[in-house]
Amino acid sequence: MVSGLINANPVVYERKERRIRDPVAHADEFPYKWYMHADIKDPEHPYSLEELKVVTEDAVEVDDKHSHVRVTFTPTVEHCSMATVIGLCLRVKLMRSLPSRYKVDIKVAPGTHATEAAVNKQLNDKERVAAALENPNLVEMVDQCLTPTYA
């Protein structure tokens, strides 16, 4: 049994069916952009953010014309201690996957986290994100969450 977790028994949802796509040929298609971060693993649970409904397809907004992506995520509990790490994982995945012309905003869904404003400020401040990514332990945790395990 997992101990020390705020939400040791989260609700797990079914994953969407995946279609194999060529990422270059289909880079501008919305489903591809959704799938590129649907498989991010939760830092506390052996499930993806999709399976925990932390991130849903409807919560990803892509504006190719203005090179802007907004992802709104919903932590599994109001006092989730990993909300900032989850947001950082989303940001890093998008930074590594999208062309540099894109502006990325990562937000906690309104009313779903006790420190929503602080988490949003931290996740969207370039200097804070850069400082976080200088921490080798944090980068290792992010990389573990981004390691693909699903086909």
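This dialogue goes through the features of one predicted model, from the whole chain down to single residues.

Reader: How much of the chain is buried?

Author: Of the 151 residues in the chain, 39% are buried. The accessible surface comes to about 8,700 Å², and carbon and sulfur atoms hold 52% of that surface. As for contacts with a separation of 6 or more, 62% of them are accounted for by residues 24 or more positions apart.

Reader: Let us turn to the strands. How do strand 1 and strand 2 pair?

Author: In a regular strand, side chains alternate between the two faces of the sheet. Here strand 1, residues 60–63, pairs with strand 2 in the antiparallel sense over four bridges. Val60 stands opposite Val71 of strand 2, and the bridge partner of Glu61 in strand 2 is Arg70.

Reader: What is the sense of the pairing between strand 2 and strand 3, parallel or antiparallel?

Author: Strand 2 and strand 3 run parallel and are joined by six bridges. Phe73, for instance, has Val108 in strand 3 as its bridge partner.

Reader: Why is strand 2 described as largely enclosed by the rest of the structure?

Author: Strand 2 is described that way because five of its six residues are buried.

Reader: Where does the chain take a positive phi in a residue other than glycine?

Author: One case is Ser67, with phi near 50°. Ser67 is in the loop between strand 1 and strand 2, and that hairpin has four residues between its strands. Another case is Lys53, whose phi is positive at about 55° although Lys53 is not a glycine. Lys53 belongs to the loop between helix 1 and strand 1. With a relative accessible area of 43%, Lys53 is partly exposed.

Reader: Which residues line the largest cavity?

Author: The lining consists of Asp42, Glu44, His45, Thr76, Cys80, Met82 and Ile86. By class, these divide into three nonpolar, two polar and two charged residues.

Reader: Where is Thr76 in the chain, and what is its relative accessible area?

Author: Thr76 sits in the loop between strand 2, residues 68–73, and helix 2, residues 83–97. Its relative accessible area is 30%, so Thr76 is partly exposed. Thr76 is also 9.6 Å from Leu49, C-alpha to C-alpha, with 27 residues of separation in sequence.

Reader: What can be said of the second largest pocket?

Author: The second largest pocket has a volume of about 320 Å³. It is lined by 16 residues, and those closest to its centre are Arg91, Met95, Tyr102, Val104 and Lys126. Helix 2, strand 3 (103–108) and helix 4 (126–132) are the elements that give two or more residues to the lining. By class, the lining has nine nonpolar, two polar and five charged residues.

Reader: Take a residue of helix 3. Is Asn120 buried or exposed, and which residues is it in contact with?

Author: Asn120 is found in helix 3, residues 116–123. Its relative accessibility is 13%, so Asn120 counts as buried. Leaving aside neighbours within four places in sequence, Asn120 is in contact with Ile106, Lys107 and Val108.

Reader: And Pro46: buried or exposed?

Author: Pro46 is exposed, because its relative accessibility is 68% and the cut-off for exposed is over 50%. Pro46 is placed in the loop between helix 1 and strand 1. Pro46 and Cys145 are 99 residues apart in sequence, yet 9.7 Å apart in space, C-alpha to C-alpha.

Notes. Residues are numbered from 1 along each chain as its sequence is written. This is a predicted model: local features need pLDDT of at least 70, side-chain atom pairs count only at pLDDT 80 or more; totals for chains, interfaces and linings use all residues. Side-chain values use heavy atoms; hydrogens and water are left out. Buried means under 20% relative accessible area, exposed over 50%, partly exposed in between (1.4 Å probe, protein chains only). On a 1 Å grid over the protein atoms alone, a cavity is a set of points where a 1.4 Å probe fits but cannot get out, and a pocket is an open set with protein on both sides within 12 Å along at least five of seven lines; lining residues have an atom within 4 Å of a point. Grid points are joined across faces, edges and corners, and a volume is the space filled by probe spheres set on the points. Ala, Val, Leu, Ile, Met, Phe, Trp, Tyr, Cys and Pro count as nonpolar, Asp, Glu, Lys and Arg as charged, and the others, Gly among them, as polar. Contact means heavy atoms within 4.5 Å. Accessible areas come from the Shrake-Rupley method with a 1.4 Å probe; for residues, only the protein chains shown count as cover. Two strands pair if DSSP finds at least two bridges between them.
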